[in-house]
Amino acid sequence: MLGISFGAWHGFRMLAVDREQKLYATTRREIESLKRKTDYQSNLYRAEYFERNRDWPAAAAAAEAAINSGWEENSAAGAILERSRKQLGPQRGEAIILDLSAGVKMELVWIEAGDFLMGSADGEKGRYPDEGPQHRVEISRGFWMGKHEVTQEQYQEIMKSNPSDFQGGNLPVERVSWDNALLFCENLNQSPPAETPEGYKFRLPTEAEWEYACRADSQTEYHFGSDRGQLDDYAWSSANSRSKANPVGHKKPNAWGLHDMHGNVWEWCRDWYDSGYYNADSSPDPSGPPPSSSRVLRGGSWLNGPRDLRSANRDCVRSGSQASDFGFRVVLAER
Ligand SMILES: [Ca+2]
Ligand SMILES: [Ca+2]
């Protein structure tokens, strides 16, 4: 009888199994690593080919696939991706974060050029007469737009003052006049944050740009559809605001990533207001009627009900007016 206990024999046996498993695991890791490398290289060759042919979308896609292969040394693909993206310009949904100084940031989202039906259809529930005639408008160039209403923290940083009734850094600035909203943009232009793309200026959105961005390809009462029962998910209105402005970005965004386009605070647009302006065919890039007494406000506020929060709704007040539900968001555009 061999002097070895079952325990010891079992121990040796397990050691052997363990060694086999380790060997197997090492081989498997090597195979996987080789596969990642092959994936990377074949996608990199494709990216190089497309770059030589100046097919930028294909080059960017192949470079991205190469990076996603998981191969660690991916700097060549990274460089192609960067060069292709530069050629392509910003993509829908792409964001930039501006450092306004002192760590105060502002995020903007790229809105692609395109066209849309501006105004509301005759049959839309709650429609006001100045929302028609519904007409096609082309926005010929993309632009950056504030993901959020301008907050008090941002306003304070640039203007060194805060007119708001409901105080709080992450609340939208309100009681801000059209003139001061404009001054905010001009101050930013005088010393633009380092991340500002070259040739771009801060300004207020035109009324057409605002509605185009709000709708995000929708033609319904709201950017998410026409079911008023869903408003609570997307907007601060009289139904849920507890009679005050609320922190920005807490409600769901629209399809293009913009928050609080419906409700919270009304948003100043650059245009003068004219109830009959939609009768004039001024596409592409309508810049508003000639000077009158009032400016355009859009989107409704924490004080309003569903009717005034609709995408097509227009409001107008004298540009010097201030109220605890008037705010704005910025656009960063080439003109
Ligand atoms: Ca708003
Ligand atoms: Ca109205």
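Where is Pro133 found? Pro133 sits in the loop that connects strand 3 (114–118) with strand 4 (135–139). Helices and strands here are DSSP runs, helices being H or I of at least four residues and strands E of at least two, numbered from the N terminus. The peptide bond from Gly132 to Pro133 is cis, its omega being near -5 degrees.

This is a predicted model, in which local features need pLDDT of at least 70, side-chain atom pairs count only at pLDDT 80 or more, and totals for chains, interfaces and linings use all residues. Residues are numbered from 1 along each chain as its sequence is written, while chains are lettered from A and ligands numbered from 1 in the order in which they are written.

The chain holds 8 helices and 11 strands. It is divided into domain 1 (6–88) and domain 2 (95–334), with bounds that come from an automatic or database domain assignment. The C-alpha centres of domain 1 and domain 2 are 45 Å apart. Along its principal axes, the C-alpha trace of the chain spans about 105 × 50 × 45 Å. The radius of gyration of the chain is 28 Å, whereas a compact globule of 335 residues would have one near 20 Å. That radius is taken over C-alpha atoms, and the globule rule is 2.2 Å times the number of residues to the power 0.38.

Of the 335 residues of the chain, 38% count as buried. A residue is buried if 20 or more other C-beta atoms lie within 10 Å of its own, exposed if 12 or fewer, and partly exposed in between, with C-beta atoms placed from the backbone. Two residues are in contact if their C-beta atoms, placed from the backbone in this case too, lie within 7 Å. Among contacts in the chain between residues at least 6 apart in sequence, 67% join residues at least 24 apart.

The next topic is the nonpolar cores. A nonpolar core is a set of buried Ala, Val, Leu, Ile, Met, Phe, Trp, Tyr and Cys residues joined through C-beta atoms within 7 Å. The largest such core has 54 residues, and Met145, Ala213 and Trp268 are those with the most contacts inside it. A second, separate core of 13 residues includes Ala47, Phe50, Ala63 and Trp71. Not counting residues up to four places away in sequence, Trp268 touches Trp178, Ala181, Leu204, Arg295, Leu297, Phe326 and Phe328.

Strand 7 covers residues 266–272. Two strands pair if DSSP finds at least two bridges between them. Strand 7 pairs with strand 10 (residues 326–327) in the parallel sense over 2 bridges, and Trp266 stands opposite Phe326 in strand 10. Strand 7 and strand 8 run antiparallel, joined by 3 bridges, with Trp272 opposite Arg295 in strand 8. The loop between strand 7 and strand 8 (294–298) contains Pro284. The peptide bond from Ser283 to Pro284 is cis, with omega near 0 degrees.

Which residues of helix 4 are buried? In helix 4 (residues 152–159) they are Gln152, Gln154, Tyr155 and Ile158. Seen down the axis of helix 4, these buried residues fall within an arc of 160 degrees, so they line one face of the helix. The arc is that of the directions from the helix axis to the C-beta atoms. The cover over the buried residues of helix 4 includes strand 1 (95–101), strand 2 (104–111) and helix 5 (178–190).

Most residues other than glycine have a negative phi, and most peptide bonds are trans. Ala216, which is not a glycine, has a positive phi of about 45 degrees. Ala216 lies in the loop between helix 6 (207–215) and helix 7 (231–234), and is partly exposed, with 19 other C-beta atoms within 10 Å. Asp217 is found in the loop between helix 6 and helix 7 and has a positive phi of about 80 degrees. Asp217 is exposed, with 11 other C-beta atoms within 10 Å.

Pro253 belongs to the loop between helix 7 and strand 7. Leaving aside neighbours within four places in sequence, Pro253 is in contact with Leu258 and His259. Pro253 and His223 are 30 residues apart in sequence, and their C-alpha atoms are 9.4 Å apart in space.
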